[in-house]
Amino acid sequence: MEIDNVSNVSIDEIGSIARVIDTELTIFERMKIKKRSLKKVSGAIVFYLATMILFSIYL
Amino acid sequence: MELILYIIILAFLFETMDSSAGMGFGTGLTPLLFLCGYEPLQVVPILLMSEAITGITSGFFHHEFENAKFSIKRPINRGTRVMLMIAGFGCVAILISVFLAYFAIKFDENVIKTYVAILILVMGFIGMIKLKQRNSKYKPKLLASLSAIAGFNKGIGAGGYGPVVMMGQIFSGIYEKTATAIVSLAEGIVCIVGVATFLLISNYGLTIDFVLLPSIFTGGFLAAIISPYMVRVLPNKIWRVVIPTYALCMGVLILTKLYIL
């Protein structure tokens with residue numbers, strides 16, 4: 001637990017991207033999903049299905 | 001394998017709030033499942049397993065939707081350091097709770113849970129009062145202290161880890177959306193340690209009932225993908241109100257379960 005290192009943290013650095021997105025993009029612009037993110041959501045759905053198949057075999 | 005619709009819906013609703021307000025999955029869902037007639041060994045390890053996967057998933061998608069940025073490679077960024085500190089206190093807490101349970105050291109459950117409920121209520125109340133305060137100064141020592149208190153609460157089995165850590169981050173000046181992302185990933189890591197401990201105990205004759213796992217996993221996993229997106233889309237001023245209000249609700253829920261139900 002690096003409390004000393006953590007205490008050097010600038011508050012602007014933590015969450016700076018989220019702050020910028022909030023202030024500079026409209027709600028509709030924030031709603032747009034990048035192609036890369038859609039691929040990751042698809043990957044998560046494949047992971048979910050694989051896990052459920054494992055559950056049906058072992059449980 | 002059995003999928004129970006109302007369990008899927010409950011898990012989805014509570015994980016949606018957990019991944020977007022940083023609290024409530026364990027504190028809210030556990031008493032409800034007990035009220036539905038399920039036993040502790042059907043509920044507690046399954047919630048830990050589910051929260052381990054959904055916490056990591058939610059943290060991953062919070063990163064993907066840019067509510068927070070985590071780094072695995074060196075140099076580790078500062079948000080990740082804060083997350084590791086919070087997770088560290090939680091992991092130590094889980095080990096202490098197992099140690100206490102192993103040596104059968106008992107605290108007065110009602111007193112401890114009342115203390116946790118009042119702590120959450122007070123933090124929720126202060127959060128509501130501070131709503132108008134736009135820019136809080138970063139207070140790392142306060143965050144470390146509240147993480148330790150949250151870890152202690154979890155360690156003695158009183159729950160309320162999420163609400164205390166979440167409110168602690170907000171009082172320490174961390175942006176609400178980022179605080180949610182940090183607590184989701186930290187809880188995922190803490191729950192991995194919890195699951196490992198339960199599996200270790202199960203080697204010594206404890207039997208875990210997995211009947212609820214597919215249903216809780218289904219509801220929780222879907223919510224862990226949708227919630228980070230919801231956090232990105234909705235403006236931060238909404239989360240500034242929702243988080244302390246939900247913390248107040250959690251405090252009231254614990255007190256209701258203790259003294260009314």
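**A loop, a helix and a helix pair**

Let's start with B:Glu66, which sits in the loop between α3 and α4 of chain B. Helices here are DSSP runs of H or I with at least four residues, strands are runs of E with at least two, and both are numbered from the N terminus.

Some ground rules. This is a predicted model, where local features need pLDDT of at least 70, side-chain atom pairs count only at pLDDT 80 or more, and totals for chains, interfaces and linings use all residues. Residues are numbered from 1 along each chain as its sequence is written, while chains are lettered from A and ligands numbered from 1 in the order in which they are written.

Back to B:Glu66. Its phi is positive, about 65 degrees, although the residue is not a glycine. Is B:Glu66 buried or exposed? B:Glu66 is buried, with 20 other C-beta atoms within 10 Å. The cut-offs: buried takes 20 or more other C-beta atoms within 10 Å of the residue's own, exposed takes 12 or fewer, and partly exposed lies in between, with C-beta atoms placed from the backbone.

B:Pro75 is found in the loop between α3 (40-64) and α4 (78-102) of chain B. A cis peptide bond joins B:Pro75 to B:Arg74, with omega about 0 degrees.

Next, α5 of chain B, residues 109-129. Its buried residues include B:Lys113, B:Val116, B:Leu119 and B:Met123. Seen down the axis, the buried residues of α5(B) fall within an arc of 155 degrees, so they line one face of the helix. That arc is taken over the directions from the helix axis to the C-beta atoms. On the other side of α5(B), B:Asn110, B:Val111 and B:Ile129 are exposed.

Now the helix pair. In chain B, the axes of α2 (residues 25-35) and α10 (residues 236-259) come within 10 Å and cross at roughly 30 degrees. Axes are lines fitted to C-alpha atoms, for helices over the stretch in contact, and angles run from 0 to 180 degrees between N-to-C directions. So α2(B) and α10(B) are roughly parallel to each other; angles under 35 degrees count as that.

B:Thr27 belongs to α2 of chain B. B:Thr27 is buried, with 26 other C-beta atoms within 10 Å. Among its contacts, beyond four places in sequence, are B:Gly159, B:Met250 and B:Ile254; contact means C-beta atoms, placed from the backbone, within 7 Å. B:Thr27 and B:Gly159 are 132 residues apart in sequence, yet 6.4 Å apart in space, C-alpha to C-alpha.

Notes
Expected span 1.5 Å × (residues − 1). Parallel < 35°, antiparallel > 145°, perpendicular 65-115°, else oblique. Contact = placed C-beta atoms within 7 Å.
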